[in-house]
Amino acid sequence: MPHTSHASQAPMSLRERKKQLTYQAVSDTAIAMFLERGFDKVSVAEVAAAADISKPTLFRYFPTKEDLALHRFADHEDEAARVVAGRADGESPLDALHRHFLDGLERRDPVTGLCDVPEVLAFLRLLYGTPSLVARLFAYQSRSEAALARALGDRMRDRLAAGQITAVLRVLAEENWRRIDAGADADGAYPDAVEAAEDAFGQLRSGIGR
């Protein structure tokens, strides 16, 4: 799954760039091993040895084994919050998030679930097929929800809205992934994915109504 670059962020220092490259290299090494042998059959010590770093050093970068795989989500953790913060004048937060999700579908962004690139499919099968990774993913999503709530204002109503929006984005992505995993191609599934997104955001705007 590709990482997203953000032009609005300040340029990283050389030290930060080296650290980011290390994160990426160690994570890529781990994921390749997980895909080849299975997540539970690869030890942290083996990943450290393959990445040519010590086990304590690896844990400084990645507190848990699961984080080695989920590093690919790191760039997306505050994505919804950034979309809200960077929306155009006069655009509502929900409209900005709706537009952003539709753009992601059009680009076949893996985060939307609508991506049939073989490497992405292999990674998502690893993710959704490993209970400990699914559990860790929910922790990432909780932090994403909290960041979105802060971007909305962090009042009770904002926290409720962030929870609803985060759930909708998750369900849409999971439904898209299920279609792809069942054999659909991304281009063929695109119209249904757009329709589902329109319905979901329409429901957010109008309220559940039942």
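User: In this predicted model, a pocket is an open set of grid points with protein on both sides within 12 Å along at least five of seven lines, and lining residues have an atom within 4 Å of a point. Which residues lie nearest the centre of the second largest pocket?

Analyst: The second largest pocket holds about 260 Å³ of space. Its lining has 12 residues. Those nearest the centre are Ala161, Gln164, Ile165, Gln203 and Leu204.

User: Which helix supplies the largest share of the lining of the second largest pocket?

Analyst: By class, the lining has nine nonpolar, three polar and no charged residues. At least two lining residues come from each of α6, α9 (156–181) and α10 (186–206). The largest share is four residues, and the helix that supplies them is α9.

User: Is threonine 112 buried or exposed?

Analyst: Threonine 112 sits in the loop between α6 (93–107) and α7 (118–128). It touches Phe101, Gly104, Leu105, Leu172, Ala173 and Asn176, leaving aside residues up to four places away in sequence. A polar atom of its side chain is 2.7 Å from the backbone oxygen of aspartate 109. Buried means under 20% relative accessible area, and at 4% threonine 112 counts as buried.

User: How many residues apart in sequence are the parts tied together by aspartate 67 and arginine 136?

Analyst: The two side chains form a salt bridge at 3.0 Å, N to O. Aspartate 67 belongs to helix α4 (residues 65–70) and arginine 136 to helix α8 (residues 131–152), so the pair ties together parts whose separation in sequence is 69 residues.

Technical notes: Residues are numbered from 1 along each chain as its sequence is written. This is a predicted model: local features need pLDDT of at least 70, side-chain atom pairs count only at pLDDT 80 or more; totals for chains, interfaces and linings use all residues. Side-chain values use heavy atoms; hydrogens and water are left out. Buried means under 20% relative accessible area, exposed over 50%, partly exposed in between (1.4 Å probe, protein chains only). A polar contact is a pair of N or O atoms within 3.5 Å; within protein, one must be able to donate a hydrogen and the other to accept it, and residues adjacent in sequence count only if both atoms are side-chain atoms. Contact means heavy atoms within 4.5 Å. On a 1 Å grid over the protein atoms alone, a cavity is a set of points where a 1.4 Å probe fits but cannot get out, and a pocket is an open set with protein on both sides within 12 Å along at least five of seven lines; lining residues have an atom within 4 Å of a point. Grid points are joined across faces, edges and corners, and a volume is the space filled by probe spheres set on the points. Ala, Val, Leu, Ile, Met, Phe, Trp, Tyr, Cys and Pro count as nonpolar, Asp, Glu, Lys and Arg as charged, and the others, Gly among them, as polar. A salt bridge is a side-chain nitrogen of Lys or Arg within 4 Å of a carboxyl oxygen of Asp or Glu.
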